[in-house]
Amino acid sequence: MIRKKIPRRQIILGLAVCVLTLLILTFYLRHLTETARLGLVQRDLDIRLSRLRDEVKALEAKKAALLSLSRVEKVAREDLHMAEPQPGQIIYEGGGESNK
Amino acid sequence: MRSALKEPPAKKVNARIRILLAGLLAWAVLLAGRLVQLQVFGHAAAQAEVLEQSRSKSDIFPERGTIFDRTGQILARSIPARSLFLTPVKGESAEAQRSKVRALNKALGLGEEETRRLLVRIRQAEPFLYLRRKVSPETAAAVESLKLPGVHSHPDTMRFYPNGPLAAHILGGVGIDDTGLAGVEYSYNQPLQGKKGQAIILKDARRREYYFETLAAALPGKDIALTIDATLQYIAERELAKAVEASQANWGTVIVSHPGSGEILAMASSPTYNPNAFSSAGADVQFNRAIQLTYEPGSTFKIVTASAALAHHAVGLRETFDCSRDDLGFPGKPIRDHKPFGILTFPEVVIHSSNRGMAQVGRRVGQASLYDMAAAFGFGRKSGIDLAGEAAGRLQPLSAWSRRTLPALSTGYEVATTPLQVLQAINAVANRGALIPPRIVNNIFDPAQPLKRRPPTVALQVLPPEIAITMAGILEEAVEEGTGRQARLDGYRIAGKTGTTQKWDPVLKAYSERKHIASFVGFAPADNPVLSVIVVLDEPKGTATYGGDVAAPVFREIVRKALLKLGIFPVTAPAKGLITASVWNEARR
């Protein structure tokens, strides 16, 4: 059996094509996995962002409840023992020219 | 010989093979036939079954929009919540069910009746059973931490009104499915609720969800800003509650508005309710008396009669009327005044609120002119405020008038109005004769059209400006030296009119001597109005039952606090006991 001698140049070319193909495949796989990983990270961050937005909304509502005027008045009267000013105790500050 | 001996078994084998092959072929044909039956003829049913098992579509509920006051304070917001539900557990013993319900009772405080009902429904193995709707995420987490079999929760939202009962009648309330049932929540349900989305959920063979994809994103509801000022609303509600308690009135209502724009700054009704528990509030407390209740306005309607008299030149400002006579030539019972009067000029008739004088003025005006003026002021039709359930009131058509109607209407009887209509009428006077429809929604925030602005309000000129200015002057005198003295406020110019209506007694078929509706309507400052207020109290008890005694002080206190809140200070030196100081800021030099 006569074995045909493959030229060295063709071997190198073949190897180069194989290496290149492997490199491209590796890059492609890497790209795919990285895209998937980033997609998962993005999804997690989106969920977190959504939760944080919900939390902010709930906290804003809670803040509004804590600052509601009925609650402020209750705290002022019951805890701080504040009372309505008598007419003689009122000082109007920042009045216009007519008040001078 | 050898071949002869071997042939028969080969033939036998071939025959067996053929039979086997035929059998296999028949089986294959049967199999293929069955496959064709299943996959071709039964394709649709099989596909539906597979899809049912492997995936499901689920609605994504949009978040309801937030309602703000004019300063950006939150009045209503949907916050995250969870809904607890039960699914049947296969092979769960009766003792395990009882134990589960006991644990749930302890965690949620279900109560005896609810516990019993829940146990019955668990035993009936209902496929899906809500345990509690819209609980806080903390409560849901506490229940789920018990790890009770068949107890689950799903995300939900809960409508939350952070200020409790504040502006309850304006906001209204929502049902369990977050649909508006009253107030702004109902009137603006469509923009507030947004649009439902849809998602697809893929499941594995064990029906565990492994993939979620949004098919159509939910469109969140739009936010709404009201014309209401939460601080003024609080002042109005507090003063009204104090007045209702002090006078032991059945109910009361207050509306505060800006006459120049028709914007409602506050609208309060007593009794009130907490919109956080809307479903448990009774219909009587949910009733928004400011726009849904009609009553005979009494003397506050004299503004219309007097305006008609001036606009039609039916009377002169110096013209006098004899208010001492009870025989004025009108049919029926003689017209009475709250105190004896003699000869009064036309402005004095308004200032002292003489019924006899105003009936004579009404006669001068005439039926058609008085009707036209009342209709022009908006009586007998809805004001068009953007709140559901507004009453139109009733202004009888001229054809239905009796001989008694003219004097009765001149003094505010035989006409049914809402408090808002009376306020709208005085707003026209304050606004130099321009009638501007009231409104309660300032803006709807539409992310798709952020630059879209509300069209300007169209005003209707119902009085010549000079007549309106004259009327404002007369109403200012009514507060300075007339029946509205208790509405006087040191350092401010106030204009207004009192009203005391005798209530119709359906049993006696006559106007009651003891049951009144006391009211006061006015605006401030009289020369440049920024506020107009109406106060109405039903059946005040005790010695003071007149509008000037009961409603005018409420008006005064609301206006005093509201003007200070708006940064409008006394323009004249206040009377004794008040100290004023002007602070000159160095930075302003």
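B:K222 is buried, having 20 other C-beta atoms within 10 Å. A residue counts as buried if 20 or more other C-beta atoms lie within 10 Å of its own, as exposed if 12 or fewer do, and as partly exposed in between, with C-beta atoms placed from the backbone. The model is predicted: local features need pLDDT of at least 70, side-chain atom pairs count only at pLDDT 80 or more, and totals for chains, interfaces and linings use all residues. Residues are numbered from 1 along each chain as its sequence is written, while chains are lettered from A and ligands numbered from 1 in the order in which they are written.

B:K222 belongs to the loop between strand 9 (209-216) and strand 10 (223-226) of chain B. Helices (H or I, at least four residues) and strands (E, at least two) are DSSP runs, numbered from the N terminus. Leaving aside residues up to four places away in sequence, B:K222 touches B:G65, B:P191, B:L192, B:I444, B:F445 and B:D446. Contact here requires that the C-beta atoms of two residues, placed from the backbone, lie within 7 Å. B:R64 is 158 residues from B:K222 along the chain, and the C-alpha atoms of the two are separated by 7.4 Å.

The helices of chain B come next. Two packed helices are described by the angle between their axes and the distance between the axes. Helix 12 (residues 302-311) of chain B packs with helix 14 (residues 355-365) of chain B at an angle of about 45°, and their axes are 9 Å apart. Axes are lines fitted to C-alpha atoms, for helices over the stretch in contact, and angles run from 0 to 180 degrees between N-to-C directions. Helix 12 and helix 14 of chain B are therefore oblique to each other. Angles under 35 degrees count as roughly parallel, over 145 as roughly antiparallel, 65 to 115 as roughly perpendicular and the rest as oblique.

Ala, Val, Leu, Ile, Met, Phe, Trp, Tyr, Cys and Pro count as nonpolar, Asp, Glu, Lys and Arg as charged, and the others, Gly among them, as polar.

Helix 12 of chain B also packs with helix 17 (residues 419-430) of chain B, where the axes come within 10 Å and cross at roughly 40°. That makes helix 12 of chain B oblique to helix 17 of chain B, and the crossing is left-handed. B:I303, B:V304 and B:S307 of helix 12 of chain B make the contact with B:A425, B:I426 and B:V429 of helix 17 of chain B. The residues of this contact of helix 12 with helix 17 of chain B divide into five nonpolar, one polar and no charged.

Helix 19 (residues 547-565) of chain B has 19 residues, which at 1.5 Å a residue should span 27 Å; its end C-alpha atoms are 26 Å apart, which agrees. The expected span is 1.5 Å times one less than the number of residues. Helix 19 of chain B is mostly covered, with 15 of its 19 residues buried. B:G567 follows helix 19 of chain B and has a positive phi, near 80°. For helix 2 (residues 43-54) of chain B, twelve residues should span 16 Å, and the end C-alpha atoms are 16 Å apart, which agrees. The number of buried residues among the twelve of helix 2 of chain B is zero, so this helix lies largely in the open.

Some backbone details remain. Most residues other than glycine have a negative phi, and most peptide bonds are trans. B:S270 and B:P271 are joined by a cis peptide bond with omega of about 5°, and B:P271 lies in the loop between strand 12 (263-270) and helix 10 (283-286) of chain B. The peptide bond from B:A524 to B:P525 is also cis, with omega near -20°; B:P525 is in the loop between strand 21 (510-524) and strand 22 (531-538) of chain B. B:E414, not a glycine, has a positive phi of about 60°. B:E414 is partly exposed, with 19 other C-beta atoms within 10 Å.

Chain A has two helices and one strand, in the pattern α-α-β along the sequence. Of its 100 residues, 3% count as buried. A:H81 has a positive phi, near 55°, in a residue other than glycine. A:H81 counts as exposed, with 7 C-beta neighbours inside 10 Å.

Technical notes: Left-handed = near helix turned anticlockwise from the far one by under 90°.
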